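Q: I have a structure open and want to learn to read it. Where do we begin?

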Amino acid sequence: MPPQDPFHLAQAKDALGRGNHWFQRGCPAEADRYFELGLEQARLADDVPLIVKSLNARGAALMSQDDLDGAALVLERALELSVSLDARPELDSVLGNLGLLALRAGRADDAREMWGQAAQEATAKGLGPILYHCNLARLEMAAGNAAWKEYAAQALAEAAEPGAPESAVADAYNLAAISALEDGDEGQAERFLDLALELDRKNENQRGLAQDLETLAGIQAKTGRPLLAAASLDRAFYLWAALRDRQAQARVLSSLESLSGSSGHPKSTQGYREVLRKPGLFNPIDRLCP
């Protein structure tokens, strides 16, 4: 048996584990409480990599609570501390979170730069850059730049590498499905989408599932299955509602209205509009948080 960790180090690791549990459940406030405790204990143990990890985790939790200023402060501390060490612990992840922060703040060019640096850092350390290539693909796709397909192809190739995070692998499959659909290969698109759905359902990755269902609806609509497409969009809408992503909800609602108007099967969207207008009508994740 390996030797047990000293008290404060063990406490820091335990707190980070508990924080990750609550973060994955969609409870960032409770997660941050544990991440802050982990940071305190890591400082008492003077474990610098764990301090960086705790700061990085706190940045993600604060971002999820829309505290962008607080997130920027702790992520900048994490960056400064990481680059002060030769090993540069957690640097690619910190850069990745800084990219997300920049995107949330409306600075797409900064996000692009941060994710490019994160991918280079991950590659230099022998880690897979798939997560950052997926992020870059979605950034370029949202901007209408054809370069998104290159990043998507890179991510798909990296999906086969051992140890690639399953959430990122599922995202790579989703992007591959969108690319295949654009190229007119609906069969290939559906095969990739099945792989994405399998992984995201296995891990109960709500954000991934919502993206998958939107893509699936696009495939179903294009292949003459409007009723199935409407059902997929319905499921995507409520997943986005649970995740409190009003922009995504509005996008799905627009797709539902367009589908209803063109399919010959009119469907009332009043219920969706009510949920969009009053988020408290559907917040199952919030109700499970302490």
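A: Keep in mind that this is a predicted model. We begin with disulfides.

Q: How many disulfides does a search of the whole structure find?
A: A disulfide is a pair of cysteine sulfur atoms within 2.5 Å. The search of the whole structure turns up 1.

Q: Which cysteines form the disulfide, and how far apart are their sulfur atoms?
A: The partners are cysteine 27 and cysteine 289. Their sulfur atoms are 2.0 Å apart. The link is left-handed, with -90 degrees about the S-S bond.

Q: Which parts does the pair tie together?
A: Look at where each partner lies. Cysteine 27 is in the loop between helix 1 (7–24) and helix 2 (28–45). Cysteine 289 is in the segment after helix 15 (284–288). The pair therefore ties together parts that are 262 residues apart in sequence.

Q: Is cysteine 27 buried or exposed?
A: Buried means under 20% relative accessible area. Cysteine 27 has 3%, so cysteine 27 is buried.

Q: What does alanine 155 touch, leaving aside its neighbours within four places in sequence?
A: Contact means heavy atoms within 4.5 Å. Alanine 155 is in contact with Ile130, His133, Cys134 and Ala172, leaving aside those neighbours. Find alanine 155 in helix 8 (residues 148–158). Alanine 155 has 0% relative accessibility, so it counts as buried. Now compare chain and space. Alanine 155 and alanine 137 are 18 residues apart along the chain, and their C-alpha atoms are separated by 8.6 Å.

Q: Where is arginine 88 placed, and how does its accessibility count?
A: Arginine 88 is in the loop between helix 4 (68–83) and helix 5 (91–104). Its relative accessibility is 33%, so arginine 88 counts as partly exposed. Not counting residues up to four places away in sequence, arginine 88 touches Ser82, Val83, Glu121 and Lys125. Glutamine 188 is 100 residues from arginine 88 along the chain, and 40 Å separates their C-alpha atoms.

Q: What is the nearest side chain of opposite charge to aspartate 92?
A: That side chain is lysine 125, 5.0 Å away. A salt bridge needs a side-chain nitrogen of Lys or Arg within 4 Å of a carboxyl oxygen of Asp or Glu. Aspartate 92 has no salt bridge, yet aspartate 92 is buried.

Q: Where is aspartate 92 found, and what is it in contact with?
A: Aspartate 92 is found in helix 5. Leaving aside neighbours within four places in sequence, aspartate 92 is in contact with Ala118, Glu121, Ala122, Leu127 and Tyr132.

Conventions
Residues numbered from 1 in each chain as written. Predicted model: local features only at pLDDT ≥ 70, side-chain atom pairs only at ≥ 80, totals over all residues. Heavy atoms only, no water. Helix = DSSP H or I, 4+ residues; strand = E, 2+ residues; numbered from the N terminus. Buried < 20%, exposed > 50% of the residue type's maximum accessible area, 1.4 Å probe, protein only. Lys, Arg positive; Asp, Glu negative; His and termini not counted.
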